[in-house]
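Look at the picture, then ask of each label what stands behind it.

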Amino acid sequence: MFNKNNICIIGGAGHVGAPLGLVLSSKGYNVVLIDKDKKNIKSLNNGIMPFLEEGSTKLLKKMIIKKKIYATQNLSEVKKSRYIIICIGTPINSQLNPNLKNFVNFFYSLKKYLNKNHIIIIRSSVYPGVSNKVFEIIKNRCRNLSYCPERIVQGKAIVELPKLSQIVSGKNTRAKLESGKLFKKISKKIIYTGIMEAELIKLFSNAYRYINFSISNQFYMICKNQNIDFHKIRKIMRDDYKRNANIPMAGFAAGPCLLKDTMQLSSFYNHKFSLGHTAMSINEGLPKFLIKKLNKEYNLRKKTIGILGLSFKSDTDDLRDSLSIKLLKQLKARKIKTLQSDEYYKDKHNIDKKLLVKKSDIIIVATPHKAYKNLKISKNKILVDIWGFIEKK
Ligand SMILES: NC(=O)c1ccc[n+]([C@@H]2O[C@H](COP(=O)([O-])OP(=O)(O)OC[C@H]3O[C@@H](n4cnc5c(N)ncnc54)[C@H](O)[C@@H]3O)[C@@H](O)[C@H]2O)c1
């Protein structure tokens with residue numbers, strides 16, 4: 001039975017799909033979260049978010065009680081929906097090219113359930129041209145395909161979605177207008193663009209952020225080699241000087257999106273995106289730089305190094321492509337004694353942050369979880385605080 005208030009979200013148990021489904025269900029839509037991850041489906045149906053997402057716990061419970069949302073593995077559920085939103089992953093392979101197989105093949109399995117009234121919305125961050133490729137696969141069954149990229153910062157979708165403008169593009173006017181109508185319910189403003197424009201806007205946004213972070217990381221390395229405090233310099237650069245206001249903090253620029261999307265763009269540009277590649281070598285090279293610098297100054301085989309924070313960014317439990325983990329692995333490969341702690345990601349090797357500080361000779365603030373802000377670290381400890389986050393007491 002086709003219901004115009006029904007929405008199916010594919011990849012609905014993921015970091016983009018689940019919060020989007022919650023926000024849409026809170027606006028009165030009946031939402032079905034479709035995913036192949038059985039564990040996360042079970043967790044969602046039990047009212048437990050599988051990962052940290054601000055404002056999600058209460059909302060999930062409320063929407064389940066109201067019967068506005070549920071999760072399933074059953075793809076045929078899309079038959080009952082008007083809207084089908086695709087939020088599945090778009091990874092890159094070891095050659096840094098997009099691995100499109102899972103994404104594109106999905107549409108071959110979806111095709112048999114489609115009819116001409118469905119509105120299909122791609123929300124994942126895709127290699128430019130992928131939406132057109134998908135259209136060629138499904139056009140005999142349904143021509144209403146739109147591309148409406150997700151632009152939230154991970155973990156804050158519920159807070160951010162109402163505050164952001166939404167880019168909407170489509171293969172036909174119906175797809176564009178119906179998608180615009182849907183997103184108007186949850187976004188501040190709708191901006192209509194062409195499909196390739198929308199695909200590029202998303203990748204440019206992530207590449208731009210990634211390159212920006214690399215600038216500060218490069219400045220940090222220059223300062224570190226001169227034993228100069230980059231954080232002090234950055235503060236002074238921005239003091240009553242607006243042109244420098246946006247210079248980011250130094251720190252690990254990691255996670256499942258920024259590097260991946262910079263490389264999707266690079267692949268699209270025949271790997272001649274030199275700015276993107278330089279940013280990658282700076283950002284990904286930061287852990288090794290820190291180890292080399294410490295190694296020059298200390299006999300690391302005689303030191304214990306404590307890593308504060310394992311997740312890819314602050315105040316999340318997500319380890320995907322975390323540079324803290326890369327740092328930890330590189331230290332272990334050099335047979336250096338390490339201790340590790342994290343506020344959100346649970347691991348049997350983790351110890352409490354205060355104990356880590358007490359037992360380590362060198363403390364590296366790898367992920368600036370808020371809980372570390374007031375940690376007391378005495379002057380006789382060696383503190384490597386890439387983020388300029390903690391004051392020594
Ligand atoms: N994480 C973010 O903050 C963020 C922000 C903007 C855009 N994006 C983009 O959104 C997309 C999804 O990212 P994510 O972080 O939510 O990934 P994720 O891994 O958290 O979620 C993807 C989900 O899709 C499911 N899935 C994969 N293939 C499937 C299939 N064939 N059928 C059903 N389910 C399938 C997985 O099980 C998983 O639950 C990516 O393209 C990413 O670049 C992510």
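Q: Why is Lys370 called exposed?
A: Its relative accessible area is 60%. Exposed means over 50%, buried means under 20%, and partly exposed is in between (1.4 Å probe, protein chains only). So 60% makes Lys370 exposed.

Q: What kind of model is this, and how are its residues numbered?
A: The model is predicted: local features need pLDDT of at least 70, side-chain atom pairs count only at pLDDT 80 or more, and totals for chains, interfaces and linings use all residues. Residues are numbered from 1 along each chain as its sequence is written, and side-chain values use heavy atoms, with hydrogens and water left out.

Q: What makes Lys370 and Asp315 a salt bridge?
A: Their closest N and O atoms are 3.6 Å apart. The rule asks for a side-chain nitrogen of Lys or Arg within 4 Å of a carboxyl oxygen of Asp or Glu. So 3.6 Å passes. Lys370 sits in the loop between β11 (362-365) and β12 (382-385), and Asp315 in the loop between β9 (304-308) and α12, so parts 55 residues apart in sequence are tied together. The names come from DSSP runs, numbered from the N terminus: helices are H or I with at least four residues, strands are E with at least two.

Q: How do you know whether Asp315 is buried, exposed or partly exposed?
A: Its relative accessible area is 22%. That value puts Asp315 in the partly exposed class.

Q: Why are Arg123 and Glu150 called buried?
A: Arg123 has a relative accessible area of 1%. Glu150 has 5%. So each value falls under the limit for buried. Their side chains also meet in a salt bridge, 3.1 Å from N to O. Arg123 lies in the loop between β5 (119-122) and α5 (130-138), and Glu150 in the loop between β6 (145-147) and α6 (157-160), 27 residues apart.

Q: How many salt bridges does the rule give?
A: The count is twelve. One of them joins Glu284 and Lys326 at 2.8 Å, N to O. Glu284 is in helix α11 (residues 274-297) and Lys326 in helix α12 (residues 323-333).

Q: What makes β5 and β6 a pair?
A: DSSP must find at least two bridges between two strands. β5 and β6 have three, in the parallel sense. So they pair. Ile120, for one, has Leu145 in β6 as its bridge partner.

Q: Why are β3 (69-72) and β8 (189-192) placed at the edges?
A: The open sheet has eight strands, in the order β3-β2-β1-β4-β5-β6-β7-β8. β3 and β8 each have a single partner strand, so one side of each has no neighbour in the sheet.
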